Amino acid sequence: VKMDAQIANVKFDGLFINASGVHCQLNNDLDELQANTFVAGTVTKSATLASRPGNPRPRYVDLAHGSINSMGLPNQGFDYYLNYALTRPSKPVILSVAGLSVAENLKMLTQIQESSFDGLTELNLSCPNVIGKPQLAYDFQATEEILTAVFSFFKKPLGVKLPPYFDLVHFDQMAAILNKFPLSHVNSINSIGNGLWVDPVTESVVIKPKNGFGGVGGAYILPTALANVRAFRMRLNPAIKLIGTGGVTTGADVFAHLLCGADIIAVGTQLQVEGPLVFERLTNELAAIMDEKNYQDIAELRGKLKTL
Ligand SMILES: O=C(O)c1[nH]c(=O)[nH]c(=O)c1Cl
């Protein structure tokens with residue numbers, strides 16, 4: 001079964017990447033994914049200029065049908081990941097940046113522009129867990145302003161990582177903004193921000209930061225992820241590709257994301273729970289579904305979701 005995709009000048013020989021934040025903080029984590037036959041590319045942990053320890057622990061917990069996290073952007077610092085991208089990969093590396101200010105984002109993007117990096121860059125506009133900082137992409141004016149500033153000098157392929165939206169008018173408004181820019185891709189969705197999990201035994205929250213509020217991932221968020229992928233596919237210029245992230249735990253979930261229009265599939269919580277073997281399982285489960293339906297190539301079904 002033919003499973004590949006292209007975003008800008010970057011060819012992915014397969015469908016699967018990790019979701020940023022999972023299995024991608026250190027070189028060894030990234031190398032392990034790069035070496036995995038069923039992984040088509042890797043995304044680095046979103047970087048800030050300086051390295052960060054992140055929020056106090058416990059800051060990640062697996063739940064019955066997903067996860068909750070308030071990591072707080074722990075990362076090795078931007079240079080570490082740029083260096084990895086420049087020296088190590090056999091497969092595409094997507095460089096994720098999440099500066100704590102517009103200026104910090106512009107600084108990192110300038111360094112990428114001036115470097116020999118020729119892969120994809122992803123501007124994370126949706127981290128929900130930096131205390132005191134909003135998820136930038138919920139502010140439409142600020143989003144348009146930062147993208148205008150970025151594209152005034154950044155000439156390499158650039159995508160954005162978006163939070164989930166929950167209102168059709170918001171899809172219209174955000175897509176109208178994004179369509180103004182020569183984006184390589186949109187990665188939708190990030191975790192559903194500021195969920196809360198309660199342990200009835202301890203009568204307590206389960207993560208320490210932010211009084212227990214954190215981004216929700218995993219099966220809980222699949223319907224929201226599918227809606228966002230579909231909504232943006234229906235609204236964005238076809239030249240803007242889609243990375244479908246959120247809620248993928250089975251081959252059927254992958255198939256659903258593809259029907260909604262995803263070009264590439266990112267796996268987060270299920271990768272955290274199951275480890276890199278998840279990619280072989282998802283590949284096999286998807287291939288079985290495609291065989292059963294007599295599809296030879298993903299291109300035959302991508303974006304072809306039917307309505308009633
Ligand atoms: O707390 C985090 O590090 C984090 N956690 C998320 O669920 N999404 C993000 O984009 C980030 Cl940056």
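**View 1. A8 sits in the loop between strand 1 (5-7) and strand 2 (10-12).** In this predicted model, A8 has a positive phi of about 55 degrees, although the residue is not a glycine. For context, most residues other than glycine have a negative phi. With a relative accessible area of 41%, A8 is partly exposed.

View 2. Look for L73 in the loop that runs between strand 6 (66-69) and helix 2 (78-87). L73 counts as buried because its relative accessibility is 3%, and the cut-off for buried is under 20%.

**View 3. R57 and P58 are joined by a cis peptide bond.** Omega is about 0 degrees here. P58 belongs to the loop between strand 4 (42-43) and strand 5 (60-63). As a reminder, most peptide bonds are trans.

**View 4. Another bond to check is the cis peptide from S188 to I189.** Its omega is near 10 degrees. I189 lies in the loop that links strand 10 (185-188) and strand 11 (192-196).

**View 5. Stepping back, the whole protein has nine helices and 16 strands.** Among contacts with a separation of 6 or more, 74% link residues 24 or more positions apart. As for confidence, the mean pLDDT is 97, and 100% of residues reach 70 or more.

Notes. Residues are numbered from 1 along each chain as its sequence is written. This is a predicted model: local features need pLDDT of at least 70, side-chain atom pairs count only at pLDDT 80 or more; totals for chains, interfaces and linings use all residues. Side-chain values use heavy atoms; hydrogens and water are left out. Helices (H or I, at least four residues) and strands (E, at least two) are DSSP runs, numbered from the N terminus. Contact means heavy atoms within 4.5 Å. pLDDT is the predictor's confidence in each residue, from 0 to 100. Buried means under 20% relative accessible area, exposed over 50%, partly exposed in between (1.4 Å probe, protein chains only).
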